Amino acid sequence: MNKLIILATVCLIPFIAQSAEQYKEGVKPIVQWTCEDFLSVDEDFQPIAVGYAEAYNKKGTLEDSILDIDEIVKITPTIIQECAKDKQENFLQKVKSHVENLRKNF
């Protein structure tokens, strides 16, 4: 379990650094992303973006929780497909709704 937390943290570091650099350059932070913003991210970073979005709570801060890598791998293709249908939808809301549905069906 500790390995999973460490792995998730290490995986998020490059994404957080990239997000911070882009924010300095005028690019929106992930909490303001639309699906179109998500789809414009390099496909290698899309699962990381989904994990990052899943870890955000309603207050706009990261939750102190464990990141479920299997869950992220399962929903990322669905998020990509759903975002392609409505590119103006809020990315964080899209992720939250799919995570809730996945957990209900599990």
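Predicted model: local features only at pLDDT ≥ 70, side-chain atom pairs only at ≥ 80, totals over all residues.

Biologist: Which residues have the most contacts inside the largest nonpolar core?

Modeller: A nonpolar core is a set of buried Ala, Val, Leu, Ile, Met, Phe, Trp, Tyr and Cys residues joined through side-chain atoms within 4.5 Å. Buried means under 20% relative accessible area, exposed over 50%, and partly exposed in between, with a 1.4 Å probe and protein chains only. Here the largest such core has 18 residues, and I30, W33, F38, V50, I79, F91 and V95 have the most contacts inside it. Two or more residues each come from α2 (35-39), α3 (46-55), α4 (69-85) and α5 (91-105). Helices (H or I, at least four residues) and strands (E, at least two) are DSSP runs, numbered from the N terminus.

Biologist: How many helices and strands does the protein chain have?

Modeller: The protein chain has 5 helices and 0 strands, in the order α-α-α-α-α along the sequence. Of its 106 residues, 31% are buried. In α3, 9 of the 10 residues are buried, among them I48, A49, V50 and Y52.

Biologist: Which residues is F91 in contact with, leaving aside its neighbours within four places in sequence?

Modeller: Contact means heavy atoms within 4.5 Å. With those neighbours set aside, F91 touches I30, W33, T34, C35, F38, A49, V50, A53, I79 and C83. For the protein chain, residues 24 or more positions apart account for 66% of the contacts with a separation of 6 or more.

Biologist: How many aromatic pairs does a search of the whole structure find?

Modeller: Rings of Phe, Tyr and Trp (its six-membered ring) pair if their centres lie within 6.5 Å; planes under 30 degrees apart count as stacked, over 60 as edge-to-face and the rest as tilted. The search finds 2 aromatic pairs. W33 and F91 form a tilted pair, 5.7 Å centre to centre with 45° between the planes. This pair links W33, in the loop between α1 (2-24) and α2, with F91 in helix α5, 58 residues apart. F91 counts as buried because its relative accessible area is 0%, and W33 is buried at 4% relative accessibility. F38 and F91 form a stacked pair, 4.5 Å centre to centre with 15° between the planes. Here F38 in helix α2 is joined to F91 in helix α5, 53 residues apart. F38 is buried, with 0% relative accessibility.

Biologist: Is N90 buried, partly exposed or exposed, and why?

Modeller: N90 counts as partly exposed because its relative accessibility is 31%. N90 lies in the loop between α4 and α5. Leaving aside its neighbours within four places in sequence, N90 is in contact with V31 and W33. N90 and V31 are 59 residues apart in sequence and 8.8 Å apart in space, C-alpha to C-alpha.

Biologist: Which backbone nitrogens does the side chain of N90 reach?

Modeller: A polar contact is a pair of N or O atoms within 3.5 Å; within protein, one must be able to donate a hydrogen and the other to accept it, and residues adjacent in sequence count only if both atoms are side-chain atoms. The N90 side chain reaches the backbone nitrogen of L92 at 3.0 Å and that of Q93 at 2.8 Å.

Conventions: Residues numbered from 1 in each chain as written. Heavy atoms only, no water.
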